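This report looks at charged side chains and how they pair. The sequence and model come first.

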Amino acid sequence: MERSGIVHTAATLVFAGATVLSIPLVLGLLANLHPAFDSFAHFRAHLAALLGICGLILLASIYWKQGLLAVALGVLALWTTMPAFPLFGATSAAAGDAANGRAVYRLLQLNLRFDNKASEKVLSLIGRTKPDVITLEEVSVDWMPRIAAIAAMYPYSIVCDAPNRIGGNAVLSRRPFLDGAPGRCLNEGALALADIDFGGRSLQVAALHLAWPWPSHQSEQLQELRPDLAALGNTALLAGDLNAATWSATVRRVEADAGLSHVAGIGPTWLDRRLPDVLRPYIGLPIDQVFSKGDISILSARALDAVGSDHLPVLVEFAFSGGKLPQDNEESATASAETRKSVF
């Protein structure tokens with residue numbers, strides 16, 4: 001075959017590849033129409049990047065018009081994913097600067113991974129970051145002794161059972177639950193709720209773990225949870241593994257159903273454990289989400305280093321909007337000192 005024939009064949013194959021990539025990409029842009037389309041949407045960034053590369057190649061071929069269209073579609077689709085990434089997120093300000101004298105609190109969010117063999121890394125992380133409250137998913141039977149080991153530092157907790165080996169959700173707190181009321185477990189442990197007293201201010205904290213997207217039952221589960229999400233407190237933080245990308249219709253449904261605002265800029269948090277962790281920023285999925293509403297300000301939210309799970313931990317720093325209470329600083333200092341004396 002002559003060189004011109006090889007070039008034409010190669011261009012035709014790239015054009016065919018671009019056509020194939022454009023189909024799920026466009027369907028994903030129509031994610032509100034059906035849960036199946038939303039499943040395509042989770043991979044929008046990957047599809048858009050690949051389509052853009054194909055388009056750039058086609059610009060140097062007889063398919064240059066199609067290449068121009070592919071590049072335009074790829075850039076447009078990729079632009080819709082930008083709020084997921086730290087450079088484009090709304091929470092990049094340093095917490096100390098943004099707090100303006102208010103007491104700053106920390107929430108740590110983590111899908112533990114039910115069979116995580118590196119539990120010591122998780123405990124070390126908790127000891128280093130000293131969060132005021134922790135939201136956890138996949139708290140399996142194997143994790144229960146580890147949860148018990150930090151009960152002295154986090155004496156207020158709700159740990160939900162689940163009817164499977166994956167485990168349920170948990171909320172652990174250094175601060176007391178409001179009026180001594182117990183937390184609640186909903187939807188077979190998929191949603192854990194606790195009303196926490198932050199020095200006279202009430203904050204409802206929720207840990208949410210959704211099922212996989214279509215063809216699994218994520219959409220149906222979210223429909224079941226709709227009344228519970230709508231009943232969230234006026235001031236609330238919801239964090240969890242949604243098994244849904246930041247730009248998905250699922251995330252928008254959670255926002256709408258609960259009256260929450262999504263926290264942008266956390267970045268990719270999940271990657272199959274069989275792949276090198278160095279690839280996570282490039283091909284990982286941003287499926288660990290944080291939402292807030294009411295009388296709190298999110299000062300920062302960022303993913304931390306891996307601790308043996310296929311999900312990264314997420315550390316959120318926040319403050320109450322109405323200013324600080326004198327006892328807040330004293331309580332935080334006391335709690336930090338106690339944590340430094342812990343088993344970590």
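Arg274 is exposed, because its relative accessible area of 73% is over the 50% cut-off. In this predicted model, Arg274 forms a salt bridge with Asp272. Their closest N and O atoms are 2.8 Å apart.

Side chains of opposite charge can pair when their charged atoms come close. The count of salt bridges here is 10. Three of them are listed below.

| Salt bridge | N to O distance |
|---|---|
| Asp272 and Arg274 | 2.8 Å |
| Asp277 and Arg280 | 2.3 Å |
| Arg226 and Asp257 | 3.3 Å |

Take Asp277 and Arg280, which form a salt bridge. Arg280 is buried, because its relative accessible area of 5% is under 20%. Asp277 is partly exposed, with a relative accessibility of 42%.

Now the salt bridge between Arg226 and Asp257. This pair links distant parts of the chain: Arg226 sits in helix 8, Asp257 in helix 9 (residues 249-258), and they are 31 residues apart. Arg226 is partly exposed at 42% relative accessibility. Asp257 is buried, because its relative accessible area of 13% is under 20%.

Asp228 also lies in helix 8 (residues 218-230). Asp228 is partly exposed, because its relative accessible area of 25% falls between 20% and 50%. Beyond residues up to four places away in sequence, Asp228 touches Leu186 and Leu191. Asp228 and Ala258 are 30 residues apart in sequence, and their C-alpha atoms are 8.2 Å apart in space.

Methods
Residues numbered from 1 in each chain as written. Predicted model: local features only at pLDDT ≥ 70, side-chain atom pairs only at ≥ 80, totals over all residues. Heavy atoms only, no water. Helix = DSSP H or I, 4+ residues; strand = E, 2+ residues; numbered from the N terminus. Buried < 20%, exposed > 50% of the residue type's maximum accessible area, 1.4 Å probe, protein only. Contact = heavy atoms within 4.5 Å. Salt bridge = Lys/Arg side-chain N within 4 Å of Asp/Glu carboxyl O.
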